[in-house]
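This report describes the architecture of two protein chains and the way they meet.

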Amino acid sequence: MATTTADPGSKSQAQLIFELKQRQLNRFKMGVWGSWLVLLAVLLLAFSGINFEIGGFHFRTIQLDFAFIRQWMPYIFGGVGLTILLAVLSIALACILSLLGALGRLSRFPPAYALATFYISLIRGTPLLLQIIFIFLALPQLGIVLSGIWAGVLALGINYGAYMTEIMRAGIQSVGIGQREAALAIGMNQSQIMRRIVLPQAMRLVIPPIGNEFIAMLKDTALISVTGFAWETLWRAQKVGRANFRSLEALLIAAVFYWIITIIFSAVQARIEASLAKGDRGR
Amino acid sequence: MKPIVRVDHLDKYFDRLHVLKDLSFAVAPAEVVCIIGRSGSGKSTLLRCINFLEQPDHGSVEVAGLVVPAEGNGREYRQQIHDLRLKTGMVFQSFNLFPHMTALENVIEGPVTVKGTAKEEAIDLGMHNLTKVGLADKRDAYPSRLSGGQQQRVAIARALAMQPQVMLFDEPTSALDPELIGEVLNVMQQLVEEGMTMLTVTHEMSFAYQFAHRIIFMDDGRFVEVGPPGQIFDDPQDNRTRQFLSAVGRFENK
């Protein structure tokens, strides 16, 4: 690094300040990591089954049935794939519905606008759990019979689609008026402008918030277990937990799996977000 | 000679504000007209009414034989506006390049998507226009990698690629750093020399003085003074013109 000081061995003022800030930042990071480890250790200790005494106080921790855990963990883990699959299918449906919803919300054609706002109001005005049960249990009365998985995907997709409409709308609206005017000036029509100019720019903007929705969705797939016909993570945990009177262990296993996949997908999302941000600068 | 642009009794309102007041003028082929005036005088609105980015409220616009009235609706009317836009090219103050496309992609977007030109042909045409604005080597650069002056030159190439009969420039250098204005004016000068019909809203008085055939000075939605640069700049008749020109340092108001 080039410095203007006469002595080549000494560091410049800027370099010293930079290093000081780096040290402060590192100290913060180490502090956070250390605290996380302590919290995790306390949590593990709470489930360790070890009894100990500090200053005359007896501490009893929770005794888990590790034989049960070893025996049933693979079975519960078998639902993780379905959990992820359900979330992927549902988010795909939600993306399509929210895009249509956003186009409706922005439309100046009254029926399209009304349909979009009606959809959003209806779906946001009723509980997700009710929607899942409704599609699974009430629709068969009308002759529409869906498997637990498809009922769940349909309900989650429709529900998240309504919430994500606002994300899509914001993405589309964030593309400046100047872009539309430039496209109009070269003779493009509304659908060409939407397809070629607005949506490609809007999609880059909505990827991070849709990633957040996906992570939330991963856990809401657990609601599909109420149908009793989607053998995802929570359904499996409940089943073996009840059958063996070991719900504590079974639900803990499921919780750990949800937590781990959430951490993994959050990391993936952070990377996507970082690379999108970099792309903006690098382009 | 038959005019290529004719604006006839044009009126425009923004809500209750009367921003263009019964304006009429005509532009001859290869003529360069510069519209000057204070901000808020209606000069940009007038330019944007010519390609219907703003819908005028009364009157009509004619470009290369196509007359489009201010009032109308339906498919046929929209088609007329579309055809009118194909006859005009526009350059904006803030460039408005498409950020997700390279320089060349920006330039060929109109020919390929709107005109249905074959891609190879559009690329030839696009490179021809990028070369004209001196940016052939930037064909694969995204707008964020280009300077303001370079972006505006790509925007000019994009407009030219549609082979318009009239170019509309809406304050093309107002968003540029001073040292980048020259490169854009050079490209515009080149177009003047090639005989392009140009309507330019500008604050670059030296460009207007040197290259315009006619100056329109606007104030409060009206044409205050119209004439050749020598007359407007050196011998302004109206007091408002004098005030404006002395404010921008082009006239000694004695």
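Two residues are in contact if their C-beta atoms, placed from the backbone, lie within 7 Å. By that criterion, residues 24 or more positions apart account for 62% of the contacts in chain B with a separation of 6 or more. In chain A, 69% of the contacts between residues at least 6 apart in sequence join residues at least 24 apart. The model is predicted.

**Overall dimensions**

| Chain | Residues | Span of the C-alpha trace along principal axes | Buried residues |
|---|---|---|---|
| Chain A | 283 residues | about 90 × 80 × 30 Å | 28% |
| Chain B | 254 residues | about 55 × 45 × 35 Å | 46% |

Chain A contains 10 helices and 2 strands, and its elements follow the pattern α-β-β-α-α-α-α-α-α-α-α-α along the sequence. Its radius of gyration is 26 Å, whereas a compact globule of 283 residues would have a value near 19 Å.

Chain B contains 9 helices and 10 strands. The radius of gyration of chain B is 18 Å, close to the 18 Å given by the globule rule for 254 residues, so chain B is as compact as a globular protein of that length.

**The hairpin of chain A**

Strand E1 (residues 51-54) and strand E2 (residues 57-60) of chain A pair in the antiparallel sense over 4 bridges. Within this pairing, Ile54(A) has Phe57(A) of E2(A) as its bridge partner. The hairpin has 2 residues between the strands, and Gly55(A) takes a positive phi near 55° there.

**The six-stranded sheet of chain B**

One open sheet of chain B is formed by 6 strands in the order E6-E7-E8-E3-E9-E10, with mixed pairing. E6(B) and strand E10 (222-227) of chain B stand at the edges with a single partner strand each, so one side of each has no neighbour in the sheet. From one strand to the next, the twist averages 20°.

Within this sheet, strand E3 (residues 32-37) and strand E9 (residues 214-219) of chain B run parallel and are joined by 5 bridges. Cys34(B) has Ile215(B) in E9(B) as its bridge partner. Helix H5 (residues 148-160) of chain B lies across E6(B) and strand E7 (166-170) of chain B, and runs at about 170° to E6(B).

**The four-stranded sheet of chain B**

A further open sheet of chain B has 4 strands in the order E2-E1-E4-E5, with antiparallel pairing. Strand E2 (17-27) and E5 of chain B are the edge strands, each with a single partner, so one side of each is left without a neighbour in the sheet. The twist here averages 20° from one strand to the next.

Strand E1 (residues 5-14) of chain B runs antiparallel to E4(B), and 5 bridges join them. Asp11(B) stands opposite His58(B) in E4(B). H2(B) packs on this sheet, where it touches E4 and E5 of chain B, and its direction makes about 130° with that of E5(B).

In a regular strand, side chains alternate between the two faces of the sheet.

Leu84(B), Arg85(B) and Leu86(B) are buried in H2(B). The cover over the buried residues of H2(B) includes strand E4 (58-63), strand E5 (66-69) and strand E6 (88-91) of chain B, together with helix H7 (177-185) of chain A.

Met188(B) belongs to helix H6 (residues 178-193) of chain B. A residue is buried if 20 or more other C-beta atoms lie within 10 Å of its own; Met188(B) has 25 such neighbours and therefore counts as buried. Its C-alpha atom is separated by 9.4 Å from that of Phe169(B), which is 19 residues away along the chain.

**The interface**

Across the interface, 15 residues of chain A are in contact with 21 residues of chain B. On the side of chain A that touches chain B, the elements giving two or more residues are H7 and helix H8 (190-220) of chain A. H7(A) gives the most, with 6 residues. By class, this side of chain A has 7 nonpolar, 5 polar and 3 charged residues.

Technical notes: Residues are numbered from 1 along each chain as its sequence is written. Chains are lettered from A and ligands numbered from 1 in the order in which they are written. This is a predicted model: local features need pLDDT of at least 70, side-chain atom pairs count only at pLDDT 80 or more; totals for chains, interfaces and linings use all residues. A residue is buried if 20 or more other C-beta atoms lie within 10 Å of its own, exposed if 12 or fewer, and partly exposed in between; C-beta atoms are placed from the backbone. Two strands pair if DSSP finds at least two bridges between them. Axes are lines fitted to C-alpha atoms, for helices over the stretch in contact, and angles run from 0 to 180 degrees between N-to-C directions. Ala, Val, Leu, Ile, Met, Phe, Trp, Tyr, Cys and Pro count as nonpolar, Asp, Glu, Lys and Arg as charged, and the others, Gly among them, as polar. The radius of gyration is taken over C-alpha atoms; the globule rule is 2.2 Å times the number of residues to the power 0.38.
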